[in-house]
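Let's take a walk through this structure, one piece at a time. Have the sequence and the 3D view open as you read.

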Amino acid sequence: MAVAVLNPDLVDMVRRGSHDFNASACMNCGACSAVCPMGIQLLPRKLFRYVLLGMEDQVKENTETIYSCLLCKMCEVNCPGGVHIAENVRSLRHFINRQVFRL
Amino acid sequence: MTMRRIGVYICHCGGNISDYVDVEKVRGTVESEPGVVVAKTAMFTCSDATQQEMLQDIQEQNLDGLVVASCSPKLHTFTFRGVARRAGLNPYEYTQVNVREQCSWAHTDDRAGATEKAIRLVRAGIARTGLTVPLDPTVVQTVPKALVVGGGIAGLRAALGLSDIGIAVFLVEKEAQVGGWVAGFGSMYPHEKNGQELMAHLKGEIAKRSNITVFTKAELVGKAGSFGNYQATIKVGGGKAGAAPAAAAETIQVDVGSIIVATGFDSYHPEAGEYGYGMEGVVTLPEFKELLDSSGLGAGEGRGNGHRDGHDSGRDDGGAGTALTYKGRPVRSIAYIYCVGSRQSRDVPNANTYCSRFCCNAAVHTSLEVAAAAAPRTGGGGVSAGVRQYHLYRDMRTYGKYELLFNEARDKGSVFLKFGDDAPPAVARDERSGRLLVTVADQLTMSTEVTIPADLVVLVTGMVPRSNEELIKTLKLPVGKDRFFNEIHPKLRPVETVVDGVYICGACQGPKNSAESVASALAAVTQSAGILKKGFAELEPLVAKVDPDQCTWCGKCQESCPYDGAIRREQVAEGQGEGKVTGRVKGRGKEVAVIDAAVCKGCGGCAPLCPKDAIDLQGYTDAQIKAMIEGLAKEVGQ
């Protein structure tokens, strides 16, 4: 993978209005991916890491994945870090709507 | 020579010895040695039951010598000396034979050989014991005063601790003012204590004590005398350029019972080019803290002027002039690189292989200060104007209670990236934007290589030992491989040095935070008080002794002696001299060597050099060593 130049403002761009994004408690354990009924590989731990670091291109490239989520919260009830995963995904969808779909 | 009555006890050590050494065979072989009255084996000679049995044997069998063949003398010398003492036997009539570390453990593949070696070692111990004489510890009167070298947080706290228990203190500080590093610190973790305030408080307390004398711009340049009664020479003033005009150096002599060394540390100074050091915008953590304090963002700012700021003034106001800038440019993104100058690979020349222990906490705490000062401000579309902070670490060591700092930093938006030992981050400058770019493979993102645009790169630098060559020479302080001062035992004797009455504390013995420095300073205070409050100290009598009958003073012993003042030249006056040897000294009026038992360490360096064979080491006399060699060399079958 080519070296990704980080955008330090990405988290602030995702956080807008009432949409919060908080994944600081994520320790990359993978419990979320293991229980995901959609078998989504990327979601949510890698994705959240991309957001936290500011890897904007990687986030935008995964628009399909972000919209594949059922918001069933299986991951959220199993998250040992107590991360509000579904809320974070909603905020990300708003971000994608604005930044990719220009809605 | 009258026949000695010696008791020999051979330990199984619960199998540690008996698995590889046939202890019964050893016992059976040595019980016929001349002078042996009792020869026994025991599962654990150090157990209460066996100690009691020895005590009974000594008293009932009227023993005048004791040999215990067990582990290293480091472990149980004092245990068995105690047994002898309780039984009424002079403790120096006992010999420890090491048949564990130096025999069973070393020869686990050769039971017969190990058994034979044990027999030889025990025979040597018996031979030595056959020639022991009762010895009494040297008693020295102690002076109830102490010298503290270094006026940082450890030195000042030690001085106060000593003062509180009635020990007068001389405090020597190299700089023009006491206070050390901490006096320059703003807010410190974990509870936002302010360094300037802490030190102002300590200095105020010191000023109130009439029994503390502070010398600034001063150095310890000489030490004479012996344990409990040292004569220290202090050079005051005259040293540095820029001092008061024509300030001549003055030399002061003080008598002290103990010396506490608290000379602290130096901050690691990165090499030019190390993680981009030398480029504009690449700073060390201390430099960054200074920047924070001077721009009014550090929590410490303003408190030195005496007004209490509650908690958050100067942080939350968000007004003009408080945004973090560097060389006039706003700072929006900071990358911290950890372990700079610490945990270096052994391949680096003079590598600092140790962890500096305080820096993870200090850096995480600093990032919290930045986060608080640049808290997101509402307005203009709700996008915050916060500072984005990236922490590039190898291992996060916010140990103990400080773990909470790490959690808080994460919650406040700091992002942590882990890099491998073999893949350090690289710092470069983007020629177009002028911004710094830090490239690192983040192990927490599947080792994806990322480049962080940063306005500031903060190198989290560790602690290095100060160069204290003169002090090391003056006090003969032992220095470790890492170039910090060495204690005798890191766990059990953490502030004592091999030089009796000289203690070390604070960061001069290894990286410590201020709380740990103070804890060790107070440990040094109690150790000092232990000898100084009693009024006297007992020293090992295992020292050199000169036979004035033989000595003709050639000075060879004094030349070879590593301890100042241990051997002096003296005229034998009428009825005087080292009379213990003969009672009468031949050739009154002649000059002989006299050994100060309080200064001599019993190293034995002088004894073989004496052309007249006039020097013997008590407890290890030539006769004893020869007897031991014979014991070792004797055929085992005999």
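Why is helix 9 of chain B largely enclosed by the rest of the structure? In this helix, 14 of the 15 residues are buried, so the rest of the structure largely encloses it. Buried here says that 20 or more other C-beta atoms, placed from the backbone, lie within 10 Å of a residue's own; with 12 or fewer a residue is exposed, and in between it is partly exposed. Helix 9 covers residues 359-373 of chain B and reaches 21 Å from its first C-alpha to its last, close to the 21 Å expected. That expected span is 1.5 Å times one less than the number of residues.

A word on what you're looking at: this is a predicted model, where local features need pLDDT of at least 70 and side-chain atom pairs count only at pLDDT 80 or more, while totals for chains, interfaces and linings use all residues. Residues are numbered from 1 along each chain as its sequence is written, and chains are lettered from A and ligands numbered from 1 in the order in which they are written. Helices (H or I, at least four residues) and strands (E, at least two) are DSSP runs, numbered from the N terminus.

Now for where the chains meet. The contact takes 15 residues from chain A and 18 residues from chain B, counting two residues as in contact if their C-beta atoms, placed from the backbone, lie within 7 Å. On chain B's side, helix 10 (403-411) and strand 24 (448-454) each supply at least two residues, and strand 24 gives the most, with six residues.

Strand 24 of chain B also pairs with strand 1 (residues 4-5) of chain A, in the parallel sense, over two bridges. Two strands pair if DSSP finds at least two bridges between them. Look for A:Ala4, which stands opposite B:Val450. The two strands belong to an open sheet of four strands with mixed pairing, in the order 1(A)-24(B)-23(B)-22(B). Its edge strands, each pairing on one side only, are strand 1 of chain A and strand 22 (426-429) of chain B.

Elsewhere in chain B, strand 31 (residues 591-595) has four of its five residues buried, so it too is largely enclosed by the rest of the structure. Strand 31 pairs with strand 30 (residues 567-571) of chain B in the antiparallel sense over five bridges, and B:Ala593 is the bridge partner of B:Arg569.
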